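Please keep the viewer open as you go.

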Amino acid sequence: MDPPDEAEALELASLIEETISDNVISNNDNDGVGGVDAPPSRSQFRSPTAGYSQRNNNNFRRSPRSSAAPPSASDNDQNNNNQNNASQYSTTYFGFFSRQALLLLNLAGVVLLLMIIANKAENANETDAAEKTFEVHHGHLSPPSSSSQSQHSIGFHEPSLENIYGANHYFKPKGVGYPNAPRGGLHPIYMVDIMIGEGNDDNNTAAEYYNDDYELSPYADERLKLTKEERITEQQEWKQKLQDIRDNYGYWDFKDDYKEKNKGKDRPVVDWATVVGEKKKLGEVDKDDFPKDAWQTDDEYVTNVLNQGKKLIKRVQDGIYEEYGWESADDQRNKGGIHIPDATTGGGSAVKGGVAWMYEKSFNALVKKLLNAMMTNDHFFVTLGGHSAAAGHGNNFHQGYMMEFQHIMEPVFDRLGMVLVSANLAQGGMGTLQAALAGTGIYGFERDFVLWDSSMTEKDGKAQDLFMRQALLSGQRVPILFDMGGGKASMEKIRNEAGAHFGGVSGGGLNPKFKNATTFNFAENKYNAACWTDRVDIKPDVQYPGFGGQASWHPGNWVHQSTARKISLLFLHAMDEALTLWEKAASSDGNPLDGKHWHLQSEEDTIRDTLKKANATNTECGKLFDFIPRVCTSPMKGAAEWAPRHNPDHSSIRSLVKPAPNGYVPGVIDIQEQAYPGRDPHIPTQRVFKGEVDVAAIARSLAPRNSKRRRSLSSTNSLGAYHGRYLDVDSVSDKAAAPGESKIIPGEGWTGKGHPAGFCDGTSNAICYREKSSHCLMSGHNDARGMMQGDGLSGWLVLELKDVTEGIFMARMESYHPYNSNKRTEGWKAVNNGRDDGRRKLKAPPPPLLPTFLFEVAVNGVIQSSWNSTEYQAQCHYISYNNAICVLWDDEQWPLKNEKEDVEFAIRLGGDGSRADMMALTHVYYA
């Protein structure tokens, strides 16, 4: 163990003196010297995107261990006073016995602090392993060896989330070499929840915590405005409801006793030091790579999981069938069935009845994907791209079918050893083109199942073809495509061309068949969205009694619910098939399951290679991008200022910006403070009617339990307005320009605007649009139209692009913003330091580009292009509604290098250096 640093030495001195003060110094000490400072409050706000080393701070760990906080400046002053007082007292009053007592106390203090330092070192080691786990999951590092096991791991198939709230904040330990689980969960939303031991923090306010007891009703939430009698009654009815579910449907009853039989030892996992080559990709190891006693090798363990899993799947299926009145086998097959046609039968409109369809080969691919995630205890990513109806406008965000699917299916994935991550990345008023062109930038690096739902805004096949191709070409995984209506023809072409897998939803919206609320009028109650529900802890400004976006063409919550049930039934059917296949294979070949049943890489590489070799000009995508067709065969990357988007802090244009010499990096100038932190309580008016089927509760059904845990809701920070952030100048790289090159210096006049407060990533953990000025705080929607804005005084915007292979850079540009509207340069008189010329036209129609307009482009410090307004506009193509895509760099010789290269790409508005030369970027695309 390393010796203590200066801060730890100060802690040592502080603890020793405080210990002396508590036990030796007389009671008439007037300096206020006393016990150790209280640790920071667990309810302090934290950024959901904080690094793992920060998020594993002791204040945010489930481990009961704690450590002393480093002293502040005032603490050091107090320590100096302590030393003086202790010295005077020692000189005047200490005798032999008091000196002995002092020595013993000093030794005790040293021992105490050494224990704390050792504990901190252990925590640091676990944090480092957690960070490596994060890197592994995203394909950057090899997983850690099985030699470093986490003593806090959740069992591979034990429930990692028990409460009805969702979503899954925990990280399932990896079955093939990821034993160290980051606290709070390895999840795109990076939310951190604090597990608190029994009896701790009992005085926390209702706004900060809710109880994680499975037996606690979400409608008895202590934040909701209820009388004591109402809360008691609600809790009693909830517990009875859970018991009725156990009696009628069953519950998850799996337990691994390996630790008990092996003196607390964790199950072994694959030692990645022994695994080489392509087998590391997606964890596709061979049977012999699994060590003895790994759960995948344990026949009894696997049999138990398969049995429990099939029971779980059946009870959720039965719950949905009962919910919609499909009681007979014929109804379940014809109305609630999944059709699996072969390639000659056709799908889509050719399928009559049922809830979904998928080609047989594609269905088998889905089964294999699920088995892959089960065998490796991996995440499974389900991503939706679409328009306003898909986004769920007119409903609360959590009522949209993607979040409803997450709510129902998350515990099923969890019990089977996976982590489900569903993301609704649809945007109102737009289609998918502006997001799909960014490849991994908006929809994420990992996607297993991608849904397209944009038939209202993208009726022709050109934009659809772009969406499908980029979904398959970019990222780590090759997803299965799923048509929500209107996209089958495009998917069919890709299937015939490259063997891509796809299916689709069948039929229209369905209404549940209530047992008790038989007179309920669905037509008159199309929506039940709410902007607010009464709470005891928050008193916001006036909230709207109604809810916006409830247009006739937007489906209401009942249609979204039935759509989610259809997708859920497809997955349940595939899961059941996966477990059946596993069961048969294990009976004949033993465990672990042979890789031929769950390895994906070979087939996925074939699909992707075929698409890369396509004649881009002849594709529907190539007809749309006839000015640069190779974007249709190149895996694209990108970044944006619009939301929602995957991992927003690392997928913004701002995240690519190279700092100015003084460390300035553009920030957001108009972001508001959030009204309150944490996850919202459930809205009582949206609960399942009394006596009706509650599918979510059935999916989460567990054995009764008495112990209680509590989890923090305060996982997100309260963001205030700021004009930019500054990095340490010493850490800013500034490469010297080569002879003959123009040295491009990043400017200080670019800034972001139009961004909502919160974390808007489209998952069920998103916390978005919680501004104090909002009149619909519980809407939950993620749609936002931010921008990166600059003008003639802003200087160079320099973006650092990683792994460029194709020599392509494009941007969605907005040149129509009013003159002088860049707040960053108000008052400036020259580049990076000017003043307002008084020509403000905020309410004027979109202005034309000025005659002096000049737009410059530089690559790696060399200016490539200088365009006047006519030349610039020739680079921009209006390829769909509200989408002007400008090609700023197209080097067709670049791919001949056949290598990845980091590139500095820069743009600048020149001309006469006027604030009237306005420009905004919302998306950038590169390859």
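Contact here means heavy atoms within 4.5 Å, while helices (H or I, at least four residues) and strands (E, at least two) are DSSP runs, numbered from the N terminus. This is a predicted model, in which local features need pLDDT of at least 70, side-chain atom pairs count only at pLDDT 80 or more, and totals for chains, interfaces and linings use all residues. Residues are numbered from 1 along each chain as its sequence is written, and side-chain values use heavy atoms, with hydrogens and water left out.

**Helix α11 with helix α16**

- Y401, M402, E404, F405, I408, M409, V412 and F413 of α11 meet H560, Q561, T563, A564, R565, I567, S568, F571, L572 and M575 of α16.
- This contact has 12 nonpolar, 4 polar and 2 charged residues (Ala, Val, Leu, Ile, Met, Phe, Trp, Tyr, Cys and Pro count as nonpolar, Asp, Glu, Lys and Arg as charged, and the others, Gly among them, as polar).
- The axes of α11 (residues 401-415) and α16 (residues 557-589) come within 8 Å and cross at roughly 30 degrees; axes are lines fitted to C-alpha atoms, for helices over the stretch in contact, and angles run from 0 to 180 degrees between N-to-C directions.
- α11 and α16 are therefore roughly parallel to each other (angles under 35 degrees count as roughly parallel, over 145 as roughly antiparallel, 65 to 115 as roughly perpendicular and the rest as oblique).

**Helix α14 with helix α15**

- For α14 (residues 461-473) and α15 (residues 488-498), the axes come within 9 Å and cross at roughly 45 degrees, so the two helices are oblique to each other.
- On the α14 side, G461, Q464, D465, M468, R469 and L472 meet S490, M491, I494 and E497 of α15.
- The residues of that contact divide into 4 nonpolar, 3 polar and 3 charged.

**Disulfides**

- The whole structure holds 4 disulfides, each a pair of cysteine sulfur atoms within 2.5 Å.
- C531 and C776 form one of them, with sulfur atoms 2.1 Å apart.
- This pair links distant parts of the chain, 245 residues apart.
- C531 is buried at 2% relative accessibility (buried means under 20% relative accessible area, exposed over 50%, partly exposed in between, with a 1.4 Å probe and protein chains only), and C776 is buried at 16%.
- C621 is joined to C632, S to S 2.0 Å, and the torsion about their S-S bond is about -80 degrees, so this disulfide is left-handed.
- The link of C760 and C768 is right-handed, with 90 degrees about the S-S bond.
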